[in-house]
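Dear colleague,

Please find below the structure that I am handing over to you. My notes on it follow, arranged by topic.

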Amino acid sequence: MLKDRLLNFFGAVGAKDAGEDPAPEPYEFLIYQMGKVGSKTIHHTLRDVGVVSHHTHNHAEAKRIIDGAERKLVVVSGFREPLARAISAFFHNMACLLYT
């Protein structure tokens, strides 16, 4: 259901711009953003509904994915309030900080 809604939305947007019938087209998604902002959740949600999804925090990897995309590519880039992100990263990495 989510997959159909996403594809219908993006198909309708593309068709509206091109003056064609709103037929869904295959898309790939690139989730490209800094860490600790929910990118894995977005990636797994898209994958669970059968949408081709790539995930990276690395610029070189993102460029490789963009250059090699076989379909229209939708880039998703999320953000988070900086203090909350820093606190989350601190607790996520606490073991490394304390025991190295």
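With which residue does Asp67 form a salt bridge? The partner is Lys63, and the closest N and O atoms of the two are 3.1 Å apart. Please bear in mind throughout that this is a predicted model.

**Salt bridges**

Asp67 and Lys63 both belong to helix H3, where they sit four residues apart, about one turn of the helix. Asp67 counts as exposed, at 54% relative accessibility, whereas Lys63 is partly exposed, with a relative accessible area of 47%.

The structure holds two salt bridges. Glu61 forms a salt bridge with Arg64, and here the closest N and O atoms are 2.6 Å apart. Helix H3 spans residues 59–67, and because Glu61 and Arg64 are three residues apart in it, about one helical turn separates them. Glu61 is partly exposed at a relative accessible area of 30%, while Arg64, at 52%, is exposed. As a general point, side chains of opposite charge can pair when their charged atoms come close.

**Overall architecture**

The protein has five helices and three strands. Read from the N terminus on, its elements follow the order α-β-α-β-α-β-α-α. Of the 100 residues in the protein, 22% are buried. Taking the contacts between residues at least 6 apart in sequence, 58% join residues at least 24 apart. The protein exposes about 7100 Å², of which carbon and sulfur atoms supply 60%.

**The nonpolar core**

Six residues make up the largest nonpolar core: Tyr27, Phe29, Ile31, Leu46, Val51 and Val74. Strand S1, which covers residues 27–32, gives the most to this core, with three residues. In soluble globular proteins, nonpolar side chains tend to be buried together.

When its neighbours within four places in sequence are left aside, Ile31 is in contact with Ser39, Ile42, His43, Leu46, Ser53, His54, His55, Thr56 and Val76.

**The aromatic pair and the nonpolar surface patch**

The structure holds one aromatic pair. The ring centres of Phe90 and Phe91 lie 5.2 Å apart and the ring planes are at 80 degrees, so the pair is edge-to-face. Phe90 is partly exposed, with a relative accessible area of 42%. Phe91, found in helix H4, is exposed at 53% relative accessibility.

Phe90 and Phe91 also take part in a nonpolar surface patch of about 820 Å², together with Leu83, Ile87, Leu97, Leu98 and Tyr99. Helix H4 (82–92) and helix H5 (94–98) are the elements that give two or more residues to the patch. Of the elements, H4 gives the most, with four residues.

**Two loop positions**

Which loop holds Lys36? Lys36 lies in the loop between S1 and helix H2, the latter formed by residues 39–48. Its phi is near 70 degrees, a positive value in a residue other than glycine. Most residues other than glycine have a negative phi, and most peptide bonds are trans. Lys36 is partly exposed, with a relative accessible area of 27%.

Asn58 is found in the loop between strand S2 (52–56) and H3. Asn58 counts as partly exposed, at 40% relative accessibility. Asn58 and Gln33 are 25 residues apart along the chain, and their C-alpha atoms are separated by 8.4 Å.

**In brief**

- Salt bridges: Glu61 with Arg64, and Asp67 with Lys63.
- Aromatic pair: Phe90 and Phe91, edge-to-face.
- Nonpolar surface patch: about 820 Å², with Tyr99 among its residues.
- Positive phi: Lys36, near 70 degrees.

With kind regards

Conventions
Residues numbered from 1 in each chain as written. Heavy atoms only, no water. Salt bridge = Lys/Arg side-chain N within 4 Å of Asp/Glu carboxyl O. Buried < 20%, exposed > 50% of the residue type's maximum accessible area, 1.4 Å probe, protein only. Core = buried A, V, L, I, M, F, W, Y, C linked by side-chain atoms within 4.5 Å. Contact = heavy atoms within 4.5 Å. Phe/Tyr/Trp six-rings, centres within 6.5 Å; stacked < 30°, edge-to-face > 60°. Patch = residues over 30% accessible without salt bridge, like charges linked within 9 Å, V, L, I, M, F, W, Y side chains within 5 Å. Areas by Shrake-Rupley, 256 points an atom, 1.4 Å probe, with all protein chains shown as cover.
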